[in-house]
Amino acid sequence: MAEGLAGRRVLLVEDESLVAMLLETILEDMGCIPVGPIATVDEALAAVADDALLDAALLDVNVAGHEVFPVAEALRARGVPFVFSTGYGQGGLPDAWRDQATIQKPFTENAIRDALFKAMGVADV
Amino acid sequence: MRVVQTLDQTIDFETAFEASPNPYMLLTPDLRFAGMNSAYLAMVGATREQLLGARLFDLYDAGPGQEAPENLRQLRNSFEKVLATGERDHLALFHYAIPVVGPDGSVVHEDRYWSATHTPLHDAAGTLVLILQHATDITELEHLRRGRLAEPGAGALDLMLGGGLINRARKVQEANRRLELERKRLLEMFMQAPGFVAMLSGPDHVFQMHNTAYGQLLGRRDLLGKPVRDAVPEAANQGFLELLDTVFATGEPFEGRNSPIELHRQPSGPPEVAWLDFIYQPVRDDDGRVVGIFVQGHEVTQTVLAGHRQKLMIDELNHRVKNTLATVQSIAIQTARSHPDPTTFADSFQQRLLALSHTHDLLTRSHWEGADLRAVLEHETSTHGPLRIALNGPPVALDPASALSFGMIFHELATNAARYGALSCPDGRVLVDWSVSNQAEGRLAVIWRETGGPVVTPPTRRGFGSRLIEQNVRHDLAGEAKLGYASDGFVAELSVPLDRGAQHHG
């Protein structure tokens with residue numbers, strides 16, 4: 001079912017460790033290789049700059065009190081697809097990012113998979 | 001006295017003044033007699049020497065009688081109005097007793113009725129120097145009118161004698177007095193109104209008047225007589241001048257709601273944002289032309305700010321609730337993975353939820369300012385008894401997020417010890433020692449050491465508990481965790497910076 005995601009390296013930015021652990025587990029279940037989890041915007045920016053092999057990213061909108069958008073900009077510049085995760089609801093995203101694939105906390109495995117497929121433009125086989 | 005040339009004659013105004021059959025009298029601003037003509041002297045029955053230089057109200061105090069104080073007040077008011085406004089005032093009819101020498105030589109007060117006009121006289125510099133009174137004694141007219149009123153058919157004669165006119169004049173006078181009182185009261189209400197009010201006149205919107213609240217809104221700067229453009233330049237730059245121009249040009253009122261404006265609230269202070277509800281109301285003359293704009297409104301800054309704060313709080317609350325739900329979801333899903341049996345799942349899941357909840361309770365007690373490390377440890381290990389878990393270390397204040405993390409970590413350590421480690425044997429003990437080293441940066445070292453338990457074998461796979469500990473320490477506490485599976489007892493060494501401050505938001 002999730003063959004399209006198997007072996008993909010997915011950057012995980014989430015500061016709440018329990019939530020990060022769940023995302024990590026879910027990504028592993030889908031056959032992905034989680035990169036991280038990373039808990040600050042600065043470390044995430046460094047990871048985007050250093051890791052040449054990122055296939056996708058899951059970004060918590062509010063990371064340790066800071067907005068994650070600089071990381072999103074960096075990923076977009078590199079052409080890496082990404083998905084936002086947020087506890088603020090759809091209204092929590094600025095207009096510039098409103099069309100971005102987004103998952104709402106709390107989330108389901110299906111929601112994460114669908115959002116990743118949407119962002120990566122991979123067909124669900 | 002001025003002498004002017006007209007055509008081929010020279011007129012001496014002093015002679016004319018003296019010769020006039022109309023009674024005239026001049027008063028200085030402090031209400032002393034400065035001059036009068038013969039007609040006046042004849043009317044009041046006095047000599048020039050008696051009057052010149054004397055205070056009017058010393059000689060004429062309205063006499064005894066119930067009405068006297070009110071009569072005196074009316075006359076004095078008229079003079080004061082002239083002095084205050086520099087404009088002429090009329091007393092169409094007033095009642096005022098003056099002293100006269102009776103037939104037997106004694107002085108008595110005689111009731112008289114008067115009609116008077118008080119005209120201010122200014123010098124070349126515009127200063128009021130004299131008040132000219134033109135007073136007419138209409139007592140006889142009034143008496144005649146009253147006498148006739150008692151007779152049948154008095155109406156026509158009364159009208160002929162001007163009684164109706166006098167009566168009307170008296171009513172107008174009374175109405176004027178009431179209007180004046182009302183005007184004063186309105187003005188006071190206007191000045192003290194909590195909302196701001198201003199009157200702008202002309203196409204340049206010149207401040208004609210404003211109340212106290214308006215002055216306070218604009219930092220009590222000097223506004224009167226100035227156009228808005230000069231008096232409140234910052235408003236002009238924010239589109240308010242264009243609004244005024246439009247209202248003046250179209251005659252259509254404008255209503256602003258929750259309008260932000262940057263104003264200098266203090267004369268030399270920085271600009272501050274104020275939110276206003278206001279209306280610009282065009283004022284028209286008798287021909288319907290717009291001649292000015294009436295401005296009124298009130299400041300709603302506090303309401304707007306409270307609304308913003310409330311929205312922020314609701315957004316933040318929503319965010320926290322969603323995050324907490326995601327945390328609980330994570331605990332549920334991961335606990336389920338290691339507990340396929342629903343009974344043990346429920347127990348384990350509830351214990352973890354309770355661990356989270358206990359730390360919340362601790363934090364609620366301190367109004368979410370933080371918690372002490374020992375209190376967090378005692379909370380999570382109390383079910384195993386103080387004899388089996390020895391806590392040893394100095395007071396360490398934890399911020400709320402760190403307290404929640406340590407709560408979860410100690411819960412996992414204690415659960416693990418009870419299930420597989422030292423606390424699963426009757427003689428096993430746990431020693432928890434902590435210290436703060438590196439005072440400058442504040443680094444907390446915690447050692448959890450188990451003794452007297454079964455022989456330890458390293459786990460074949462990393463369970464949820466050890467993952468949670470490692471993730472929490474590294475991720476949420478920005479520290480390091482070392483889990484040691486020595487055969488004589490499990491040891492966990494945690495090293496965590498204490499000065500993370502605002503780095504974490506929870």
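Biologist: Which residue of β7(B) stands opposite B:V101?

Modeller: In this predicted model, B:V107 stands opposite B:V101.

Biologist: What makes β6 and β7 of chain B a strand pair?

Modeller: Strand β6 (residues 98-101) and strand β7 (residues 107-110) of chain B are joined by 4 bridges and run antiparallel. Pairing requires at least two bridges, so the term applies. The two strands form a hairpin with 5 residues between them, and B:G105 in the turn has a positive phi of about 90°.

Biologist: Why is the link between B:R337 and A:D29 called a salt bridge?

Modeller: The closest N and O atoms are 2.1 Å apart. The limit is 4 Å between a side-chain nitrogen of Lys or Arg and a carboxyl oxygen of Asp or Glu, so the pair qualifies. The count between chain A and chain B is 2 salt bridges, and 12 residue pairs are in polar contact across the interface.

Biologist: Which element supplies the largest share of the side of chain A that touches chain B?

Modeller: That element is α1(A), with 9 residues. The residues on this side comprise 13 nonpolar, 7 polar and 7 charged.

Biologist: How much area do chain A and chain B bury between them?

Modeller: The two chains bury about 2,400 Å², 53% of it on carbon and sulfur atoms. In chain A, the residues that lose the most area to chain B are A:L18, A:M21 and A:Y88, together 26% of what that side buries. The contact takes 27 residues from chain A and 28 residues from chain B.

Terms used
Residues numbered from 1 in each chain as written. Chains lettered and ligands numbered in written order. Predicted model: local features only at pLDDT ≥ 70, side-chain atom pairs only at ≥ 80, totals over all residues. Heavy atoms only, no water. Contact = heavy atoms within 4.5 Å. Buried area = accessible area lost by both parts, 1.4 Å probe. Polar contact = N/O pair within 3.5 Å; in protein donor to acceptor, adjacent residues only side chain to side chain. Nonpolar A, V, L, I, M, F, W, Y, C, P; charged D, E, K, R; others polar.
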